[in-house]
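Keep the sequence and the 3D view side by side.

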Amino acid sequence: MAKVINGYKRKWGDRWDGRRIKTPGLQTIMSTLWPKRTDCEVYLNDTLDVTELVKFVDKKNAEHPELKTTFFHCVIAAVTKMVNERPLMNRFVQAGRTYERYEISCAFAAKLAFEDHAEESMLFFVPKPTDTVDSVSKLVVDKVRKVRRQAQMNKKDGVDDLLDKVGALPRPIVMLICKVARWLDYWGKTPKALSDGDPHYSSIFLSNLGSIKCPAVYHHLNNYGTNSMMITIGTIHDEERIMPDGTKQIRKVCDIGATLDERIGDGFYFARSLKLVHYLCAHPEILDQPIGEPSGFDYQ
């Protein structure tokens, strides 16, 4: 009997992490001529007006000090809502074929301590369509607290623990394991024990460089895994802008850098997806609505 995932019945040719999508001839040829994700990277740099979003965060924290909401939490919620509304952004190409994920997943790196030699932990979670920015905040805060608490006790679990164990093996064995892992990954046969919690299998991989006072950069994609979208977020700073009525105002802005796999969509689709993110930053109250609800954005 075919397995049902999120209401979708798996068919022949589907993977455990996505259903196969029929694509136009151009995309099919592109996926065949350029089978590696790193050969198909497109880079996007933009500046978001986050004035209203910063006010939204300040108001939310004043009203609910017990739940610390950050700018980064809101960005995660906004980008997740964008992907929910723009399904092509949740696709990936593997073995020359295009797939659409059954669910949206997010990953980011958390510094275990703000010190030069402190390690990073890769965090992975799957927001539900019913989640709002509040539940996303709680989820992220709980995960970060957990890994930092484990770091203090010299404990690790999930992908981090597995990487440490594999990395401690003799080099020839490590090379063999990596070769087998790449083969399994290519054919969509990677065991869930290896892929669960691995950011390389996420819909969205985010890096909050603003938390370490660093500007947004372009971060490469990886051929291993299925991640097709890497986003970096820079620092919030003041910038003079000309408003629609012609007046000048000092606004809070934030630079972002994104690297995308051009095989999952075209420039027009990417541009509209970016406009939706701009809209959510200008109307952050929408983030209090469930991720699965339409934003009401007019794409015209």
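Helices and strands here are DSSP runs, numbered from the N terminus; a helix takes at least four residues and a strand at least two. The model is a predicted one.

Stay with Thr132. Is Thr132 buried or exposed? Its relative accessibility is 17%, so Thr132 counts as buried; the cut-off for buried is under 20%. Which residues does Thr132 touch, once its neighbours within four places in sequence are set aside? The contacts are Leu287, Asp288, Gln289 and Pro290.

Now step into helix H4, where Ser135 is found. Ser135 has 27% relative accessibility and therefore counts as partly exposed. Ser135 and Tyr201 are 66 residues apart in sequence. In space, their C-alpha atoms are 22 Å apart.

Ala95 is not a glycine, yet its phi is positive, at about 55 degrees. Where does Ala95 lie? Ala95 sits in the loop between strand E5 (91–94) and strand E6 (97–101). Its relative accessible area is 23%, so Ala95 is partly exposed.

Lys213 also has a positive phi without being a glycine; the value is about 60 degrees. Look for Lys213 in the loop between strand E9 (204–208) and strand E10 (229–242). Is Lys213 buried or exposed? Lys213 has 72% relative accessibility, so it counts as exposed; exposed means over 50%.

Turn to the cysteines. How many disulfides does the structure hold? The count is zero. A disulfide is a covalent bond between the sulfur atoms of two cysteines. Here the test is distance: the two sulfur atoms must be within 2.5 Å. Cys74 is buried, with a relative accessible area of 0%.

Cys254 can be checked likewise. For the sulfur of Cys254, the closest cysteine sulfur is in Cys281, at 8.3 Å, too far for a bond. Cys254 has 0% relative accessibility, so it counts as buried.

Now zoom out to the whole chain. The protein chain has eight helices and eleven strands. Its radius of gyration is 20 Å, close to the 19 Å that the globule rule gives for 300 residues, so the chain is as compact as a globular protein of that length. Along its principal axes, the C-alpha trace spans about 60 × 55 × 35 Å.

What share of the 300 residues counts as buried? The figure is 44%. Contacts tell about sequence separation. Take the contacts between residues at least 6 apart in sequence: 68% of them join residues at least 24 apart.

The accessible surface of the protein chain comes to about 16,600 Å². Carbon and sulfur atoms hold 57% of that surface. The protein chain has 43 positive and 39 negative charges.

Methods:
Residues numbered from 1 in each chain as written. Predicted model: local features only at pLDDT ≥ 70, side-chain atom pairs only at ≥ 80, totals over all residues. Heavy atoms only, no water. Buried < 20%, exposed > 50% of the residue type's maximum accessible area, 1.4 Å probe, protein only. Contact = heavy atoms within 4.5 Å. Rg over C-alpha atoms; globule rule 2.2 N^0.38 Å. Areas by Shrake-Rupley, 256 points an atom, 1.4 Å probe, with all protein chains shown as cover. Lys, Arg positive; Asp, Glu negative; His and termini not counted. Charge placed at Lys NZ, Arg CZ, Asp CG, Glu CD.
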